[in-house]
Amino acid sequence: MRFLAIAVAAAVLIALPLVTTGYVVYLANLLLTFTVLCLGMHIVIGETGQFSLAHAAFYGIGIYAAGIAGTTFGTPFPVSILIGGLAASAIGFVIGMVALRMRDIYLALATFAFGEAMQWVFLNWNAVTGGPNGLRIAPARLFGLELVTDKDAYPFVVATAIAMLVLTVIVARARLGRSFRAVRESEIAAQAMGVPVRRTKVVAFGISAFFAGIAGGMFTLFSTYIHPDSLGFQTTILVLTMVVVGGLGSIGGAVGGAIAFGLISELLRQAPSFQEIAYGAILIVFMMYAPKGLFAFLADRFRGARHA
Amino acid sequence: MDKDLILLFLQQGIVSGMVVGSVYALLALSIVMIFKTSEVPNFAQGEIFMAAGYCALFLLVFQATPVWLAVPLTLVVAFAGAALFRRVVLTQVSRASGSPVNLVIATLGLSYVLKGLVRRTGFGDTPRSFPALVSTDGVMIGQASITRLDVAIFLTALAVMAFLFCLFAYTKVGRAMRAVGMNPKAARLMGVDLQRIHMLVWGLSAVVSAIAALLISPKILMTAEMGGIVTMAFAAAIVGGFTSLPGAVVGGFVIGIAENLVGLFISSRAIVVAPFVAIMLVLIVRPQGLFGGRVAIKKV
Amino acid sequence: MLEIRGISASYGRIQAIAGVTLSVPDGAVVALLGANGAGKTTTLNTISRLVPVTAGSILFEGRPIERASSHAVVRAGISQVPEGREVFRDMSVRENLEMGAYGRSDRAGIRQDIDRAFDYFPILKERLQQKAGTLSGGEQQMLVIARALMARPRLLLLDEPSLGLSPVLVEKIFAIIRRLNADGLGILLVEQNASVALGASSYAYILENGEVAVEGRSADLRHDDSVRRTYIG
Amino acid sequence: QQEPGLTPTSIKIGMFAPLSGANMAYGFDVANAAKMYYDKINKEGGIHGRKIEVVLEDDRCNANDLVAAVKKLVEQDQVFILNGGSCSAAVVAAKEYVVRNKVPLVMLNASGDGALYPPTDYIFGAFSISQYAVGGAMIDFAAKTLGAKKIAYVNHDDAYGAWNLEGAKADAEASKVDLAVESVNPTINDVTAPFLKLRAANPDALLIVTYARPAALMIKKAAEMGFNKPIILSVTGTANLSQLMQNVGGPDALKNFYFQDVLADLPGGPKIKWVYDMYKQSYPDLAAKPDHPQAYMPYGIPSAMSIVKALQAAGPNPTREKVLDAMKTLNFDSGVMAGPVVFGPSERAANKATIFIKFDGTNQTLQPGVYSSRWKFKG
Amino acid sequence: MPELRTPLLSVENLTIAFGGLVAVRDFSIAVAPGTIHALIGPNGAGKSTTFNCISRLYRPNAGRILFDGQDITRLPSSAMAGLGIARSFQNLELFNELTVYENILIGAHCHCGASLRDRLSARPPHLAAEIDRIIERTGLGAYRETKACNLDFGHQKLLELARALAIRPRLLLLDEPAAGLRNREIAILDGLLTDLARRDGLTILLVEHVMQLVMSISDRVTVLNFGTKIAEGTPQEVKSNPAVVEAYLGKETALHG
Ligand SMILES: Nc1ncnc2c1ncn2[C@@H]1O[C@H](COP(=O)(O)OP(=O)(O)OP(=O)(O)O)[C@@H](O)[C@H]1O
Ligand SMILES: Nc1ncnc2c1ncn2[C@@H]1O[C@H](COP(=O)(O)OP(=O)(O)OP(=O)(O)O)[C@@H](O)[C@H]1O
Ligand SMILES: [Mg+2]
Ligand SMILES: [Mg+2]
């Protein structure tokens, strides 16, 4: 069953650029980028039970860092992506250390405030980010190779996304992942089991920022322009929605949510006049009738069908 | 900058800040109410506020309904709509999962639906206001000039806060509202009708938001996007500790004043970021907010 | 006063109780015993309507309540002392007690009953303004019992009331139970300590894997060796 | 090699605009206007026998969605030419892509200066007006006609604001006037601070270059605080004048008030009546709704006209290159806008002309003259 | 003679107050290695509070806590497991959404091995045998893959104990482990705790109200009332101490329990 799913996914990923247009590949690139954002969100919310509403900010830091590295200093793109991830996680660690003195709702709101403040910084730090004029991003380079089209970028986007997925699985299965979940379930008990709660939370926060930064780096592989408008709270909420709709707390949910929701959102562009209503209604209906997420819902149906 | 100017700026900045802060405060009160009883930050509060405003606009301006009828009608609609949403949608959501995040996402869904509906009416494109319910003649406070409407907004925020405070602290229903938030299972065992309490809370909170909308459409103008102001209300609630009603009001003032003082003494560009910097400062100094009780270590 | 006929309840796919039938006669103390996980708590929760029943019926004083809402059940006169010390953590002891009287509006009576609670558990009076969440385990247990009595129920469902109480207090709790029963209160008692429970009750049911395995007069069960060996241990 | 989107009987135009969400007001009816103009051309027989086929996409005014829409139109729908973009920051995101793929992009009503300067061979825009010209013309008018020496200027803190301020600064320098600038966020709720600061500079005129909502808040605040110098509102904030009057609390606030416009006539004036009539005829259902047509609707016409003109000029066997060449030499009066559409070898912004109108709450009085900016792009 | 050996845990002059309420006052206790030491007392006497001080959840106002000669009064709570101090919670603090197995695995957090493979593995092989043994000893075998929140109360209490054992503690602090258990399970617990102390050499500090357990397994009993020590000695000594009977045991329990 799982093997089948992986095989199908692999076949789709390989076939995609061969049978479709650059438009579809662009969507795929974007969705894979959001998948990595969702994985980062999953680590902090799904695994550790902490809220981070600054995801778009870390994503932005990743984009600007990777974009500037590649465009101004001509670093090869694997390095740029890594710079994006490291820059975001460095700031994530610092913010985490300050913010994690707070609990639940306060933490959520403090990160929210940080996200908003960061967007303002993107908009006003003209010298670095280009401010309201946005930042042009040169095509990604690696030695002689230059990624110009979406199809050029696609293999690398896919590879990065898969690497991050594998990394998520490893982290979740490992001792670190267990300590994340312990913190999520009971901080007091986790402490008594020898889990340093605060440090664990900071690490989760930093890793999640790292993922967001890497996603930012991925974005620079196939995009030529970034504007602070795309880095606001809306984006964080979109990622959160994807994670919840896919199924909070499971890696499959995070991936599936990103893809399903990205597609829904793209399809809704075809029905502009009812778009917002439809979007809202989908969220509501999902929460009412498939609260464990799309994938749990489908799996249940599937199982039910087999039993019947 | 000379001294007189600084003095004038300070006075006007603080007084105007308190007025806009009152608006934030009213919305923050709506948010805090719901949060106290269900641990759900209601992401649709801004849109409930917006939709209530459009409801009043429609009645007052386009149907020419007299004020004495339009105002209560709006409040009733707001109450009923919110209570119904709580009853029909959120009941099912919490029955299905119980995770607060799911409830939050459902409120997010509501916010999109309301925005979409208002836009469908076609009234949402132009910023609008309806005639002020209170006269807008000027009043001087020191060197600061504001309007009677501003004073009314300020007093309303205080009155609503006092009302809610008494409700929560001193009445049986209010106690039940808190109990439901703390331990729903035990509350049911006490004979509390969870549904009714939740509907009541949502209804009341929508009414508070509707009052805010009625008062301030001349102040900030109505657009389909006006719900975005809820960000400031969240900021106010956070600064105030998120579960404290007086905190919400003081938080509103702090944010309003911070916006103005930052705008006056630092830069107009920084106005938007002022509330968030204020949040971060407050939370760094006092992680539980100004009025939040001490973050007690859980007793085991 | 309480008649349960063949009720079943499940959590998702797990069936917790299946076809439990039991009754509490007017003003009687009935014990419900059984191993850990036998379904005792679930049975009480179906009566309080916290867990939906999938089959069977529950009659309280002749009226069916298996479809009623939990608050209606409380109004009808059934209070539960839940396991796990479900206090309102951030409310003071006084407020917790007042919540117990939620369905009542006779101020004088409530005040009287609060005094009675202090009579039973003097320590609560000393802790009046303390937040319930910071009480000691036993203090919380006392509070939960006192709170349930604030509703002036006619039937009291007790889920392991002696849990975590000092031996003196256990004695006292059972003395209180006897006193309340003498005043006409019906009691359905879930209790791990079988000999104590059988001593305090007139009739008893023993649950096993969600079904009633044995029932009988408490005095008989107490002296039945096979029952002792198999179920009470 | 076959040009995409072209058959003997049809020519495919890819349009994109915000058709949903918060920014719908900036593009929905603008796209409708362009569409109805294409319909008119089709009814008249099309272009060299080809009927125009429109594919319309929602770009949500958001960079990611806009790029998706553009890529879909170009790669999936294989359109011949792109006609879209109502939001400046978002449309700039498509710049590299269309240039690299050599697809002509004719914007709808986005000023889009960020994609027009430095000029490329493929992108044309500012059919409503270039933001540089908006800011410059405001200063020009205030200095020349009102004789202002010290000018208070409020703009947005976004790309729009940055561009119009640059134009304003160029003209301020040329006219030797002092500028006191406050940049505010479009979502501002309380304009007390920027207003007090501007008033403290003791200006001869207050120029407001913002959207309608902040503009109304500013005018209202000025009235409340007894400010009696002239107030001039840029075209960005003039969407609905009667509503503006109500929003500022009545005509008292408009005692000394002017607004900028880029249409050829007063709103509702005879010169542009045909556009509104055509709209009513084409979209009777929409026209019956409140607030429709949306204020910027007419801006869609000149952009469609330009495409039609360029296609006609490119002859019966058009290629993208031929059309682009024709675009570069366009010079015609649309009859809709205050100034003609003029492109040139290094000029990609269609309109730079504005008019000013005095408004007291009921009467509109056209001020003589057409104003523009002295700002020049320095490569 | 346990008293002669240096204590594994000694609490010296511990005092902690909440607002005006002094929950524990000038309390000292020494727990000899390898013994089961019970701490009993009326409800609200300060037993759990003492535990919370030892496991560093509360910061005492005065006094010292020594573990194996080392002063741990200022160490962070999460360092306790590493030292070998494990505890259970009277009101349950389980990892509710995780399975029984995972709960226990997190108990073994400090023993996840140094090799990368052990650290990355979802079910570290080097722990498998140990965890199996713990599950078997605590009678949770049928519930390995059950989520903790879906267990009944009694089994949740056992899981608390199992998880604490996975820490491989030298000192086990048990807060009411028998609450909610039936006689039969109490008998099993009795055997298990004795076994742990006698065979595995664990030191156990036990807070419990089930006298039948306390009296049967404890080497020593300390009685706390209103935050101060009122008696200490062997179970027999304590049981016949009139002050203890008065404050805590009650006449009936003293006679039969
Ligand atoms: N929320 C739940 N979800 C799933 N299963 C549950 C849930 N609560 C209880 N169960 C299961 O239902 C069965 C009956 O549980 P119940 O709590 O009624 O037992 P009990 O007799 O009260 O036991 P104890 O004496 O230990 O409290 C048990 O097997 C338990 O695992
Ligand atoms: N965080 C706190 N704030 C205020 N009072 C507290 C706090 N923690 C404990 N107390 C008080 O300190 C006293 C001792 O509590 P503790 O929990 O230690 O009792 P205990 O001996 O464990 O009793 P039990 O056997 O009932 O669990 C109690 O009266 C309790 O109300
Ligand atoms: Mg039970
Ligand atoms: Mg205790």
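Biologist: How many residues of chain B are in contact with chain A?

Modeller: This is a predicted model. In it, 46 residues of chain B are in contact with 37 residues of chain A.

Biologist: And what area do chain B and chain A bury between them?

Modeller: The two chains bury about 3,600 Å² between them, and 77% of this lies on carbon and sulfur atoms.

Biologist: Which residues of chain B lose the most area to chain A?

Modeller: They are B:Ile105, B:Tyr112 and B:Arg120, which together account for 17% of what the chain B side buries.

Biologist: What is the count of salt bridges between chain B and chain A?

Modeller: The count is 1. B:Arg119 forms a salt bridge with A:Glu276, with the closest N and O atoms 2.7 Å apart.

Biologist: Changing topic to chain D: in what order do the strands of the open sheet come?

Modeller: The sheet in chain D has 7 strands in the order S7-S6-S8-S9-S10-S13-S14, and the pairing is mixed. Strand S7 (178-184) and strand S14 (364-366) of chain D each have a single partner strand, so they stand at the edges with one side lacking a neighbour in the sheet. From one strand to the next, the twist averages 25°.

Biologist: In what sense do S9 and S10 of chain D pair, parallel or antiparallel?

Modeller: Strand S9 (residues 231-233) and strand S10 (residues 257-261) of chain D pair in the parallel sense over 3 bridges. The bridge partner of D:Leu233 in S10(D) is D:Phe259.

Biologist: Which strands of chain D does helix H9 lie across?

Modeller: Helix H9 (residues 212-224) of chain D lies across S6, S8, S9 and S10, running at about 170° to S9(D). Helix H7 (residues 159-175) of chain D lies across strand S6 (150-156), S7 and strand S8 (205-209), at about 165° to S6(D).

Biologist: What does D:Leu82 touch, not counting residues up to four places away in sequence?

Modeller: The residues that D:Leu82 touches include D:Phe16, D:Leu73, D:Val98, D:Pro104 and D:Ile307. D:Gly14 is also one of them.

Methods
Residues are numbered from 1 along each chain as its sequence is written. Chains are lettered from A and ligands numbered from 1 in the order in which they are written. This is a predicted model: local features need pLDDT of at least 70, side-chain atom pairs count only at pLDDT 80 or more; totals for chains, interfaces and linings use all residues. Side-chain values use heavy atoms; hydrogens and water are left out. Two strands pair if DSSP finds at least two bridges between them. Helices (H or I, at least four residues) and strands (E, at least two) are DSSP runs, numbered from the N terminus. Axes are lines fitted to C-alpha atoms, for helices over the stretch in contact, and angles run from 0 to 180 degrees between N-to-C directions. Contact means heavy atoms within 4.5 Å. Buried area is the accessible area (1.4 Å probe) that two parts lose on being put together, summed over both. A salt bridge is a side-chain nitrogen of Lys or Arg within 4 Å of a carboxyl oxygen of Asp or Glu.
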